[in-house]
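Please examine the structure below and answer some questions about its packing.

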Amino acid sequence: MSAQHLKTASGASRSLARSRPRYGEVLVKAVLMLAALVSVATTVGIVFALLEPTIEFFGEVSLGEFFGSTTWGPLFNPPAFGVWPIIVATLEITLIAIVVAVPLGLAAAIYLSEYATPRVRKIFKPVLEVLAGVPTVVFGFFALTFVTPLLRDVFPFLELEAKNGLGAGLLVGVMIIPIVASLSEDSMAAVPNGLREGSYALGASKMLTSVRVVVPAAFSGIVAAIILAISRAAGETMIVAIAGGFKSVFTLYPGDEMSTMAAFIAQAGSGDASVGSIAYKTIFAVGSLLFIMTFAMNYVSARMVQKYREVYD
Amino acid sequence: MAVLSTPKSAVQLASKGRPLKEHLFRIALLASLAIALVFLAMLIVYVVQEGWPRLDATLWENQPSIRRPETAGIQSGIFGTLWIIGLTALMALPTGILAAIYLEEYADKSKWYNRLIELNISNLAAVPSIVYGILGLGIIARWMQFGFTIMTGAITVSLLVLPIVIISAREAIRAVPPSIREGSLALGATQWQTIYRQVLPASVPGIATGSILALSRAIGEAAPFLMLGAATLVRFNPEGVWSSFSVLPIQIYSFITRPQAEFSVLAAAAIVILLAILLLMNSVAIWLRNRYQKRW
């Protein structure tokens with residue numbers, strides 16, 4: 001039967017390639033590609049939205065003043081444009097968040113990937129997903145009205161202000177736990193069982209296998225997850241705007257009220273800075289800085305996954 | 001005797017030497033997960049408890065008011081959120097799914113522009129939402145002159161959730177085994193026929209799950225709307241896409257920032273409504289995934 005088919009196919013002296021272009025198929029492909037290009041247009045749009053006002057901003061405020069002084073108050077009169085207070089606040093809150101999220105997230109990932117039975121996974125995975133889906137205003141409210149008062153009662157010697165970096169940072173940390181956990185778990189799940197079995201065969205315990213074999217094998221994925229979490233924490237707005245406050249005085253003490261870069265953008269953007277004013281342009285200058293910082297981290301994270309991923313077959 | 005006992009696994013044999021440390025490690029891991037669970041439970045109990053006095057019909061029947069916090073409601077916020085989500089679903093889901101089909105089924109990975117699109121999407125997924133607010137403010141509201149309207153808000157949030165839709169739809173499409181495609185092509189179907197009649201139907205549950213999660217992200221988002229003039233207390237429901245608006249998370253934010261204690265209660269009550277909507281959507285997504293996910 002197949003021989004007959006072959007014969008008719010060759011006998012018909014037509015090539016198997018399509019005889020005429022299928023315009024419908026070409027059109028479909030073009031439409032699909034257009035949809036994919038929307039994402040590129042988004043990036044271009046962001047860059048354009050940021051670029052012009054940022055250039056105008058630096059026409060009025062020198063780079064030296066922006067990066068060289070430590071007084072920040074673009075909305076005050078007279079305005080001051082030393083950006084360090086909000087950069088330092090952003091770094092502090094990000095650091096607190098990472099200190100919370102990395103151990104908890106990583107431990108959760110190891111448990112889910114190495115220890116949990118399918119039934120336990122079925123319970124805990126949705127919990128992490130729900131946690132990831134809690135809106136950040138909710139975390140902000142919780143930080144301001146529950147966590148901070150609790151901290152003030154339990155640790156009065158910390159002299160926390162009503163709005164402070166610590167309460168905000170802790171909640172930003174909780175917010176990024178699911179990111180660390182789920183991405184790390186994905187990369188641990190990708191470690192082939194042969195490595196684990198080899199480790200057991202050499203006499204290693206489950207703990208040793210997890211810590212010394214699985215975690216190192218999944219290391220690039222874990223680092224990528226952490227970098228992504230850092231970038232999320234640095235750009236988080238609502239929690240810090242609600243629980244961290246808007247006071248931008250240069251401070252290293254997390255118990256003080258502090259404004260991060262994102263919180264400043266939210267504060268200035270929700271106010272009524274008139275278009276073209278220096279306060280309006282400052283939003284975009286700080287936005288550019290935040291965008292560059294997070295974009296660089298995301299890029300490094302994506303490259304880490306691509307470049308250092310161990311390929312097992 | 002020895003024959004009857006269950007055979008010990010390598011794990012059990014190996015952990016014989018130091019059971020205490022092993023146990024402590026295991027408990028520490030479990031405790032980390034439990035902290036997340038306990039935290040979530042505490043948060044939910046707290047907001048329900050705080051918001052309880054205001055959890056009645058006046059909450060969604062009344063409009064927000066600065067002067068009368070004890071009877072102020074959130075109706076304009078609920079309607080604003082519904083408008084935004086409806087439009088976002090109309091814009092972001094088709095675009096995202098089509099883009100995912102392109103990247104999974106058509107894109108030649110050796111071409112630089114396809115790699116650029118991929119890198120770009122993974123980068124966009126992690127751009128802070130406040131930066132999307134700047135995009136909405138600078139390009140859509142001002143440059144395109146859409147103003148502070150529902151349309152501006154919906155476009156901004158659509159662009160924000162687009163990478164999430166694309167990434168989850170790609171995973172769903174990738175999960176359909178190549179043999180399905182090859183079978184269809186071998187029967188003479190064109191590539192688009194194969195995708196439309198075989199690949200898409202098989203990946204619908206996965207795409208739906210991802211889409212619901214992306215939309216629930218859009219519902220909870222507040223930061224971009226702060227930049228788009230939604231921050232004031234709007235006392236009327238939107239009448240169309242060119243109407244000014246407020247959304248639920250923004251109303252919650254503006255309640256939180258007011259000093260009176262009644263507003264704190266109101267904020268908690270509104271949070272309960274918001275969380276209830278999101279939990280419902282999350283459960284539907286998880287149910288869909290568990291119920292319809294095929295193992296090939």
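Predicted model: local features only at pLDDT ≥ 70, side-chain atom pairs only at ≥ 80, totals over all residues.

Residues are numbered from 1 along each chain as its sequence is written, and chains are lettered from A and ligands numbered from 1 in the order in which they are written.

Me: How are α6(A) and α7(A) oriented to each other?
Reply: Helix α6 (residues 136-154) and helix α7 (residues 165-189) of chain A, both DSSP runs (H or I, at least four residues), pack at about 130° with axes 9 Å apart. Angles under 35 degrees count as roughly parallel, over 145 as roughly antiparallel, 65 to 115 as roughly perpendicular and the rest as oblique. The two helices are therefore oblique.

Me: Which helix of chain A gives the most to the side that touches chain B?
Reply: The contact, counted where C-beta atoms placed from the backbone lie within 7 Å, takes 74 residues from chain A and 75 residues from chain B. With 18 residues, the element giving the most to the side of chain A is helix α2 (residues 23-60).

Me: What is the distance between the end C-alpha atoms over residues 263-288 of chain B?
Reply: The unreviewed UniProt entry annotates this stretch as "transmembrane region", and such annotations may be inferred rather than shown by experiment. In the model, residues 263-288 of chain B are 100% helix and 0% strand, and their end C-alpha atoms are apart by 37 Å.

How values were computed: Axes fitted to C-alpha atoms, helices over the stretch in contact; angles between N-to-C directions. Contact = placed C-beta atoms within 7 Å.
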